[in-house]
Amino acid sequence: MISLKKYLDQKDPPPALSDPGGETLECYRGLLLAIGRCALLGSPVLGSDVERALKGLESRLSVKSSPSAVRHTHKQVELQLQEWGGRTADQFKANADQVRELLIALARTAEALGDRNQNYTSQFREVTKRLENIATLDDLSAIRSSVAASVQEMKSHVEQMTRDNKQMVEELRSEVSTYENRLKAVESLVLKDELTGVASRRSMEERMQRSIENKQVFTVMMIDLNGFKRVNDQFGHLAGDDLLRQFAIELQMCTRAGDMVGRWGGDEFVVVLASDAGGATSHMDRIREWVFGKYTIQRGANQEATVVHVDASLGLAAWREGASMQELVAEADVAMYRDKNEQRLRAAAGESAMTQV
């Protein structure tokens, strides 16, 4: 049995009959699934995205298991884990801040209630003591007068409590409204990709699921930038981030009002097109014509800007009744990967599709 590294270093896949790297590859696929399960256990909310992504990569390897496919998978695994780690850290910090603020608010409310209750307890105790002393009175008019005074005092206290409680309710409503606005702001951030400003993966999944439930015609387009890792390696991550932002803006400008653009993760984007396969194919041609091309990216302070040529691999999957969101995404992903392989075959001498101009 050969090692995974030796398997990856092979230029051509080994013969199917001998399959010397088969056991190693199967172990690697099993490792991807195990990592996904661990991510889900560590953070059920965010880990589900990682587990689903790693399952997709593992499924892709079961279909296409060449060394180039494994190398591509390895890159995607790194991007998925890095992005998941960042999102998890941000979520834990945000949750801790929200819990701390809520605890402080509850402590203040409890303190205020305690002070008010203590005050009214003392007042009602005085009324109770007065009523108890009525039993020792012999004069009927004095008894009547004392009872009337006590009843009036109790009524006054109850009315004051009602006014105080009404004010307290208004204060609580104001606090609740403040937290609702904060939660809406946080939810808005979750529904947008922080780096590019387009829709997040969660937003895209909700849009696709809603379209399926309403039986609306739509097509999923998966987009993967070719040679993006080389930009990061050669010019730095600041340049790579700038390229992703510019690409997202151009992609969004190329879509129609009913379409939705989102970042799926790393250098992968998704477009949900409100059209059938025929309309989506025409739109894909427009994207190749308008979005692909030269981009001027910033490399950081005190460094000259760099011009790079950008293109990408694309894959389409049109919704059909009975198909789930996961099936459509997997189908579009396979089509995108097929397009990437075809581009590599057409490229002369294996030149990258993203080179410095």
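Analyst: A salt bridge is counted here when a side-chain nitrogen of Lys or Arg lies within 4 Å of a carboxyl oxygen of Asp or Glu. The model is predicted, so local features need pLDDT of at least 70 and side-chain atom pairs pLDDT 80 or more, while totals for chains, interfaces and linings use all residues. Residues are numbered from 1 along each chain as its sequence is written, and side-chain values use heavy atoms, leaving out hydrogens and water.

By the salt-bridge rule the count comes to nine. In one of them Arg 201 pairs with Glu 205, their closest N and O atoms being 3.5 Å apart. Both residues belong to helix H6 (residues 201-213), where four residues, about one turn of the helix, separate them; helices are DSSP runs of H or I with at least four residues, strands are E runs of at least two, and both are numbered from the N terminus. Arg 201 counts as buried at 10% relative accessibility, and Glu 205 is likewise buried at 11%, where buried means under 20% relative accessible area, exposed over 50% and partly exposed in between (1.4 Å probe, protein chains only).

In helix H7, Asp 233 and Lys 229 are also four residues apart, and their side chains meet in a salt bridge of 2.9 Å, N to O. Here Asp 233 is exposed, with a relative accessible area of 57%, whereas Lys 229 is partly exposed at 41%.

A further bridge joins Glu 331 to Arg 320, with 3.1 Å between the closest N and O atoms. Because Glu 331 lies in helix H10 (residues 325-346) and Arg 320 in the loop between S6 and H10, this pair ties together parts that are 11 residues apart in sequence. Both partners are partly exposed, Glu 331 at 33% and Arg 320 at 41%.

As for the nonpolar packing, a core is a set of buried Ala, Val, Leu, Ile, Met, Phe, Trp, Tyr and Cys residues joined through side-chain atoms within 4.5 Å. The largest core has 29 residues, of which Ile 223, Leu 243, Phe 247 and Leu 251 touch the most other members. Among the elements that give two or more residues to this core are helix H7 and strand S6 (312-318), and H8 gives the most, with six. Apart from this core lies another, of 19 residues, including Trp 319 and Val 329.
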